[in-house]
Amino acid sequence: MDPLSLLVPRARPSLPLPLRAAAPAISSARAAAPAPRRWRQRARLSSPVSAVAAEAPSAPSPFGGEEKEKEKEEGQFEWLDQWYPLAPVCDLDPGAPHGKTVLGLRVVAWYDRAVDEWRVFDDACPHRLAPLSEGRIDDKGRLQCVYHGWCFDGRGSCQFIPQAPALGPPVHKNSKACVASYPSVVQNNILWFYPRADEEHQDILQRKRPPFIPEIDDPSFVTVYGVRDLPYGYDVLVENLMDPAHVPYAHKGLMGKLRKKEDPGRVEFDVEGGGPVKMKIVEANIAGFLSEQDNSGYFRYVAPCTFYGSPLPKEEKGEEKKKKPPQFMLVFMCVPVSPGKSRVIWAFPRNVGVWLDKVIPRWYYHIGQNAILDSDIYLLHIEERNFAAAGVENWQKAVYVPTSSDNMVIAFRNWFRKHCKSQVGWAAPTIGQLPETPTKDKLMERYWSHVAQCRSCSAALKTMKALEVALQVASVAVVGFLAVAKGTLVTSVVQRAAVVSLAVLCFAASRWLASFIEKNFYFQDYVHAYK
């Protein structure tokens with residue numbers, strides 16, 4: 001969660017409009033794509049990767065009593081018939097292609113200047129399958145493969161093959177020279193794509209849209225965006241975000257003290273401030289579910305990626321006509337990357353402290369948000385392996401979830417089991433095995449998992465590195481000046497002491513800055529025992 005959100009005064013936010021409501025005008029890239037080549041036809045695998053739930057016998061079902069009958073009536077979740085977020089647009093450079101993996105599918109996002117829209121292609125040149133994400137945008141605004149220079153337009157059609165004679169046959173017009181182009185759209189300032197490139201799906205926006213959060217587009221709100229790749233699977237990511245009870249313990253020392261919850265009869269309290277969390281699951285179906293919190297807050301899960309809501313009370317009826325009260329929301333997009341890997345994209349819209357965004361750069365928010373993610377990375381990475389060791393079919397026996405604070409976790413695990421058969425519907429062949437656990441410095445590294453994907457943090461890192469070098473050069477230059485000017489310009493003891501102090505100060509500042517860079521942009525361990 002955004003640490004700043006804990007400073008927001010209690011208020012009564014309005015419940016967002018239904019996600020399927022019509023969204024405002026949005027840019028889209030739905031140009032007809034050539035038929036993908038046979039090797040691009042993705043086979044869905046059915047090998048489970050991480051543990052998932054059956055209905056836990058240790059806690060009452062968060063659903064109604066007719067759950068088993070509904071289970072028979074409702075079908076299986078279709079993973080390939082969904083929209084998936086790639087990245088916030090603010091983190092995408094229009095001058096370069098960007099490679100991403102979603103559902104095991106390697107894709108490349110690039111900006112088509114011809115129509116001023118983002119495109120999403122297969123990340124493989126049809127020539128020799130080199131990654132197009134390592135390419136460039138040429139002087140005509142086309143996507144160029146840097147292996148042999150083949151160029152593609154926004155429809156995925158090959159426009160130029162340098163090796164083909166100008167007076168020879170037009171080999172670039174052959175369907176085998178085309179790249180699969182996926183439907184894509186920018187909504188809520190996030191680039192989404194639909195993982196089917198067939199001609200019949202190019203008008204998918206007419207049938208369904210990505211989940212829409214009206215507060216993000218509300219001009220009275222400001223939104224902090226971020227993205228982070230994580231070394232644990234999609235299901236573990238989702239259930240962790242749905243678990244409010246872990247916050248005061250797993251993130252101790254990183255967030256403000258939580259209010260003590262009223263619990264009649266309690267005689268023991270801990271310093272972290274944990275307590276009962278009451279929630280009720282409603283509207284549960286194949287599309288997700290809604291959780292009503294004990295303080296009248298709410299959280300909604302829209303399968304498969306979107307989880308959003310607010311811990312604050314909802315706005316009362318009739319209040320929509322009045323001035324909007326202070327409010328904030330937590331919006332998470334959970335992306336299945338590959339077995340044992342996931343990606344979280346967050347957007348935190350708020351109408352409180354709007355002026356702060358004018359003075360606080362986005363990278364500064366990310367320092368705290370990345371620290372929060374770091375603090376439970378190792379816990380969740382190992383937890384996923386413990387789930388796998390216990391066996392998918394034994395999840396309900398391996399865990400003990402007797403309190404209502406786990407209701408959202410149980411609801412998600414039940415959804416995952418009922419509608420997905422306890423597995424992600426991968427779009428490309430994957431190995432149904434979790435990768436080995438690396439050392440903590442690699443597990444919790446920040447540069448490739450976040451900084452390299454974030455334009456704000458990348459720019460801040462570049463500036464700080466330049467400042468570090470400048471301080472080191474200044475310290476050496478001051479010492480050199482002292483040696484040259486000794487006995488001429490610098491004659492007194494006081495002057496010499498001042499010059500030496502300046503040199504030491506510059507050197508010390510460069511060392512402090514180097515430490516700051518390492519801890520906030522590369523790696524910083526989080527030791528729970530000392531928090």
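Which residues in α3 meet which residues in α8? This is a predicted model in which local features need pLDDT of at least 70 and side-chain atom pairs count only at pLDDT 80 or more, while totals for chains, interfaces and linings use all residues. Residues are numbered from 1 along each chain as its sequence is written, and side-chain values use heavy atoms, with hydrogens and water left out.

**View 1. Residues of α3 in contact with α8.** Tyr234, Asp235, Val236, Val238 and Glu239 in α3 meet Val409, Phe412, Arg413, Trp415 and Phe416 in α8, where contact means heavy atoms within 4.5 Å. By class, this contact of α3 with α8 has seven nonpolar, no polar and three charged residues (Ala, Val, Leu, Ile, Met, Phe, Trp, Tyr, Cys and Pro count as nonpolar, Asp, Glu, Lys and Arg as charged, and the others, Gly among them, as polar).

**View 2. Packing of helix α3 (residues 234–241) and helix α8 (residues 407–420).**

**View 3. Helix α3 beside helix α6 (residues 362–390).** The axes of α3 and α6 come within 10 Å and cross at roughly 125°, so α3 is oblique to α6. Asp235, Val236, Glu239 and Asn240 of α3 make the contact with Asp376, Leu380, Glu383, Glu384 and Phe387 of α6. By class, the contact of α3 with α6 has three nonpolar, one polar and five charged residues.

Note on methods
Axes are lines fitted to C-alpha atoms, for helices over the stretch in contact, and angles run from 0 to 180 degrees between N-to-C directions. Helices (H or I, at least four residues) and strands (E, at least two) are DSSP runs, numbered from the N terminus. Angles under 35 degrees count as roughly parallel, over 145 as roughly antiparallel, 65 to 115 as roughly perpendicular and the rest as oblique.
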